[in-house]
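Here is a report on one protein chain. The sequence and the structure come first, and the notes follow.

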Amino acid sequence: MHDFCFTIPYGLILVVGGVIGYAKRGSTASLAGGLGTGFLLLIAGFLSLKAFEKRRNSYLALILETVCAFALTWVMGQRYLQTSKIMPAGVVAAISALMAGFYLYKIATGGNHIPSKAE
């Protein structure tokens, strides 16, 4: 599976979560965090997709995705430990930890597999 297949939905979830957090609680931190990391992940996902279409890997996108996932795992994991609230801190920390592991796997295996051209 290619990184952009998971990164784009992951970014969209964060953007929507930030907007919902702001709408429900008036939390500007949720809005800024969700939009900021969500848009960074969307940009990285689209960079990776465009590189894949050119039959290349975008290691810049992969590093950006990994850094965002680890940062969210750390920040939301700390918030979960402080509040013991599953939603949203525990859920975002868990999803981000899974994504960080996936990105590390992609880095270790050399990025997206580029299929050979059919002759």
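## Helix α3

α3 has 25 residues and spans 36 Å from its first C-alpha to its last, close to the 36 Å expected at 1.5 Å a residue. The expected span is 1.5 Å times one less than the number of residues. Helices here are DSSP runs (H or I, at least four residues), numbered from the N terminus. This is a predicted model: local features need pLDDT of at least 70, side-chain atom pairs count only at pLDDT 80 or more, and totals for chains, interfaces and linings use all residues. Residues are numbered from 1 along each chain as its sequence is written, and side-chain values use heavy atoms, with hydrogens and water left out.

The buried residues of α3 are Ala 61, Leu 62, Glu 65, Thr 66, Cys 68, Ala 69, Leu 72, Met 76 and Gly 77. Buried means under 20% relative accessible area, with a 1.4 Å probe and protein chains only. These buried residues pack against α1, α2 and α4. Just after α3, Ser 84 takes a positive phi of about 60°.

## Thr 66

Thr 66 sits in helix α3. Its relative accessible area is 8%, so Thr 66 is buried. Leaving out residues up to four places away in sequence, Thr 66 touches Tyr 103, Leu 104 and Ile 107. Contact means heavy atoms within 4.5 Å.

## Helix α1

α1 has 23 residues. From first C-alpha to last, α1 reaches 32 Å, close to the 33 Å expected at 1.5 Å a residue. Its buried residues are Asp 3, Phe 4, Thr 7, Ile 8, Tyr 10, Gly 11, Leu 14, Val 15, Gly 18 and Gly 21. The buried residues of α1 pack against α2, α3 and α4. Gly 26 follows α1 and has a positive phi, near 70°.

## Two domains

The protein is divided into domain 1 (1-55) and domain 2 (57-111). These bounds come from an automatic or database domain assignment. The domain centres, taken over C-alpha atoms, are 12 Å apart. The contact takes 15 residues from domain 1 and 16 residues from domain 2.

## The largest pocket

The largest pocket holds about 840 Å³ of space. Of the 27 residues that line it, the closest to its centre are Gly 17, Gly 21, Ser 30, Met 76 and Pro 88. The elements that give two or more residues to the lining are α1 (3-25), α2 (28-53), α3 (59-83) and α4 (86-108). α1 gives the most, with 8 residues. Where does the largest pocket lie? Both domain 1 (1-55) and domain 2 (57-111) give residues to its lining, so the pocket lies between them.

By class, the pocket lining has 14 nonpolar, 9 polar and 4 charged residues. Ala, Val, Leu, Ile, Met, Phe, Trp, Tyr, Cys and Pro count as nonpolar, Asp, Glu, Lys and Arg as charged, and the others, Gly among them, as polar. A pocket is an open set of points on a 1 Å grid over the protein atoms alone, with protein on both sides within 12 Å along at least five of seven lines; a cavity is a set where a 1.4 Å probe fits but cannot get out, and lining residues have an atom within 4 Å of a point. Points are joined across faces, edges and corners, and a volume is the space filled by probe spheres set on them.

## The cavity

By this rule there is 1 cavity of 30 Å³ or more. The largest cavity has a volume of about 30 Å³. Its lining is Asp 3, Ser 48, Asn 57, Ser 58, Tyr 59, Leu 62, Gly 111 and Asn 112. That lining divides into 2 nonpolar, 5 polar and 1 charged residues.

Note on methods:
Buried < 20%, exposed > 50% of the residue type's maximum accessible area, 1.4 Å probe, protein only.
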